[in-house]
Amino acid sequence: MAVALLALVPLAYVASYVVIIGPVDLWHLLARPRIAALLRNTVTLAAACMAATAVLGVALAVLVERTDLPGRRLWHGLLVAPLAVPAFVNGYAWVSLDRSVHGFAGAFVVVTLSYYPLVYLPVVAMLRRLDPALEESAWSLGHSRARTFRTVVLPQLRPALLGGALLVGLHLLAEFGALSLLRFPTFTTAIYDQYGSTFNGSAATAMAAVLVMLCLFLLLAELRLRGDRRYARVGRGAARGAVPVVLGPWRWPLVATVTAVVVLAVGVPAYALVRWLAVGTSTEFPLAELGEALATTIVLAVTGAVVTTVAAVPVVWLAVRYRGPASTAIERSTYVANALPGIVVGLALVVTTLRLVPVVYQTAALLVAAYAILFLPRAVVTVRAGLEQAPTVLDDVAHSLGVGPLATARRVTLPLIAPSLGAGAALVFLAISTELTATLMLSPIGTSTLATEFWSASSELRYGAAAPYALLLVLVSVPATVLLMRQESLSREGVPA
Amino acid sequence: MTTRPRRSTLRPSAALAATVLTASTLSGCGLLGSPDLVIYNAQHEELLDEIVPLFEEESGLDVELRSGKDLEMANQIVEEGEDSPADVFLTENSPAMSIVDNAGLFAELPADATAPIPEQYVPAEHTWTGFLARSTVAMYNTESMTEADMPASLLDFADPEWEGRVAFSPTGADFQAIVSAVLELEGEEATRAWLEGLEANGVIVQNNLVVMQSVDSGEVDAGIAYHYYWYRDREENGTDSDSSALHFFGDQDPGAFLSISGAGILASSEHQEAAEEFVTWLTGTDAQQAMAESYALEYPLNPDATLNPAVKPFDELEPPEVDVSSLNGPQVTDLMTEAGLL
């Protein structure tokens with residue numbers, strides 16, 4: 001209950017502030033050309049990137065999974081690799097190599113290259129799971145391969161494709177670092193600018209309200225689109241892969257295309273990092289500061305991961321073991337955070353704590369609370385998957401053997417859900433270690449993390465000085481990528497038919 | 001079963017070890033422990049990182065910096081009120097000092113702290129003091145422009161002939177301070193018209209370094225910024241300043257506005273003595289000379305300190321007369337929000 005309430009603080013703040021501002025002033029703050037321009041920027045970029053990542057993600061997934069493209073396994077690894085490069089590091093790489101990369105075109109290219117794996121990965125997983133017999137039936141009925149793909153395969157990819165594209169949209173609405181470096185203002189960057197000029201001005205909150213509406217719109221769209229169709233099947237289907245398409249003369253041009261994507265998405269940031277580490281004039285290796293930022297990042301991320309996962313347990317427990325409208329409402333309320341960018345959570349917590357509980361203001365505890373709000377959904381989803389698979393009958397057996405409820409939880413349930421707790425904590429750890437906006441606003445005095453140090457150097461155009469932090473940020477993100485890849489394949493193969 | 005007793009004895013000690021370890025790491029990272037002096041710093045972090053260790057060495061005090069932007073931190077201090085952890089507030093520009101001053105949150109500075117600074121850079125009530133100054137300039141690309149092509153006044157950049165040719169950073173406290181000077185000198189109507197013209201003409205970038213880069217690369221013909229960005233680049237390696245030059249407006253034009261970096265002590269501070277020691281040190285000759293010799297190239301306000309002669313001399317700037325305590329930050333933010341620049 002307390003967990004759910006905490007998760008709702010930012011939303012309550014935005015809503016109550018909107019009420020306090022009043023309709024007249026709110027209209028005055030929103031009905032101005034700047035808001036229209038921001039709305040246009042935000043919506044066009046989100047739409048363009050969602051479309052582009054969808055096309056790119058599906059095309060690459062089909063190429064890797066369904067054709068005789070040479071070196072498919074290698075390509076798969078390389079195509080997922082951009083997930084390990086935070087978008088703001090990618091933005092830095094492009095801007096620092098070529099100043100002309102900016103505005104809509106620059107933002108579009110960099111964001112698409114950073115986020116297409118969010119579509120690619122689930123589509124690949126879905127393609128692997130499809131029953132080839134369905135397609136074979138279509139062929140036997142005289143459909144061409146192209147037509148079969150359009151009428152049989154594509155509809156089955158729909159949930160993965162939509163889910164991935166909407167995730168891209170939500171990431172993009174919350175993106176601050178990359179878009180700020182690329183000089184393409186959206187609501188998130190504009191809120192940060194207002195915060196920088198007024199700290200807690202009503203203009204910033206009015207914009208936050210619009211941003212939250214956009215995020216909620218995407219979230220609801222996803223729920224709706226996902227909810228009304230079923231793609232389940234009985235039985236595991238044919239336990240063999242689909243017949244690969246023979247590329248023939250297209251083979252090498254397509255290899256060249258995939259190579260181009262990898263070079264742009266992975267090669268450019270890698271080259272930029274190596275270059276700035278090697279030749280940047282402001283490159284220095286302040287080992288003490290790097291170590292301190294790394295240690296702070298790890299301490300914050302470990303604490304945040306533990307707190308978030310522990311907070312997820314009672315929420316999931318209620319939702320799974322005591323099903324009912326109240327427990328579902330509590331669980332769902334934590335999902336709202338999916339629609340709250342770090343900037344809104346940061347703004348909300350700064351103002352609410354200053355007004356209501358000044359003692360926790362500017363403490364590490366508050367920052368950890370912000371992380372918990374932001375990343376609780378990730379922990380809830382993972383832990384829930386684990387608890388669903390822990391049969392309650394084992395609890396009953398323990399009870400019948402005279403074991404008390406606490407001891408049962410410790411000796412029976414905990415060992416069963418431990419792997420999912422671990423996976424949830426790992427996901428949260430990795431999300432926290434690259435978090436930028438909430439950390440910038442809430443970190444205690446004198447605290448510097450890898451992300452904030454990287455930001456302070458790269459926004460002052462000290463590209464060389466930013467490089468070691470960028471490298472550490474990438475290294476910290478690598479395990480997340482591997483974990484996500486594993487999880488994706490496990491969740492597909494591990495589901496009993 | 002045999003492992004159970006061992007586990008139960010191990011666990012508390014492991015937990016204890018983990019706690020101790022975490023606590024020591026936390027204090028090592030500055031997450032715990034209380035410093036002798038907390039500075040809310042909106043001046044360039046790089047400059048403070050250079051001079052604060054000198055003060056720490058001299059005084060033996062442990063100083064903690066929290067860095068941010070002028071108006072963000074000023075509004076933050078006002079919002080924090082009596083509970084503010086800040087002991088000293090340093091800004092890049094004076095409008096942020098006025099916000100805190102108008103909220104009555106500054107303590108009066110000791111006479112030693114204000115004595116070395118000429119009186120026009122200290123408000124009458126001695127609630128804060130200037131410690132550095134920066135001159136507004138226009139930069140221009142030397143391949144597409146000559147000094148003669150530059151306008152006589154900063155206000156001329158709002159003219160249609162400058163459409164798409166002038167870069168500036170409206171989110172920066174520096175530009176906002178320049179606007180506050182225009183507001184003070186020309187009045188609200190003229191300022192509004194000027195901002196609307198700039199909004200129509202300007203190429204908006206995220207900070208003054210990008211203004212300089214945009215001018216130097218020829219992306220725009222001119223840019224509005226402060227003097228030191230260009231001089232710093234010149235001193236370093238000149239890569240972003242070799243195809244550009246500075247245009248000083250002079251002649252008491254708003255474009256020759258001299259912006260004052262301020263230092264003040266919060267009345268709510270529990271470290272008054274340490275705070276007074278720091279501000280007195282900051283305006284004293286040693287610190288002023290150290291800042292003058294640093295990478296910063298801002299003008300020291302203590303007349304005993306001498307700046308690198310490569311920088312245009314302080315007494316040749318011909319700035320307009322502006323009362324340091326009268327610049328209005330909030331009204332500027334409102335006007336800029338209205339003009340669609342924020």
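This is a predicted model: local features need pLDDT of at least 70, side-chain atom pairs count only at pLDDT 80 or more; totals for chains, interfaces and linings use all residues.
**Notebook: cores, domains and the chain contact**

I went for the biggest nonpolar core first: it holds 158 residues, and Val123(A), Ile191(A) and Ala370(A) touch the most other members. For the core I used buried Ala, Val, Leu, Ile, Met, Phe, Trp, Tyr and Cys residues joined through C-beta atoms within 7 Å. Buried here is 20 or more other C-beta atoms within 10 Å of a residue's own, exposed is 12 or fewer, and partly exposed is in between, with C-beta atoms placed from the backbone.

Residues are numbered from 1 along each chain as its sequence is written, and chains are lettered from A and ligands numbered from 1 in the order in which they are written.

Which helix gives the most to this core? I found α16 of chain A (residues 364-388), with 16 residues; helices are DSSP runs of H or I, at least four residues, and strands are runs of E, at least two, numbered from the N terminus. The core takes at least three residues from each of domain 1 and domain 2 of chain A.

I then checked Ala370(A): leaving out residues up to four places away in sequence, Ala370(A) touches Val345(A), Gly346(A), Leu349(A), Ala438(A) and Leu442(A). Contact means C-beta atoms, placed from the backbone, within 7 Å. A second, separate core has 101 residues, including Met97(B) and Phe257(B).

Next, the fold of chain A. I counted 21 helices and zero strands, and buried residues make up 47% of the 497.

On to the domains, with bounds from an automatic or database domain assignment. Chain A splits into domain 1 (32-230 + 244-279) and domain 2 (281-497), and their centres, over C-alpha atoms, are 23 Å apart. The contact uses 35 residues of domain 1 and 33 residues of domain 2. On the domain 1 side, α11(A) gives the largest share, seven residues. That side has 29 nonpolar, four polar and two charged residues; Ala, Val, Leu, Ile, Met, Phe, Trp, Tyr, Cys and Pro count as nonpolar, Asp, Glu, Lys and Arg as charged, and the others, Gly among them, as polar.

Last, chain A against chain B. I get 32 residues from chain A and 34 residues from chain B in the contact. On the chain A side, α10(A) gives the largest share, six residues, and the classes come out as twelve nonpolar, 13 polar and seven charged.

How values were computed:
Two residues are in contact if their C-beta atoms, placed from the backbone, lie within 7 Å.
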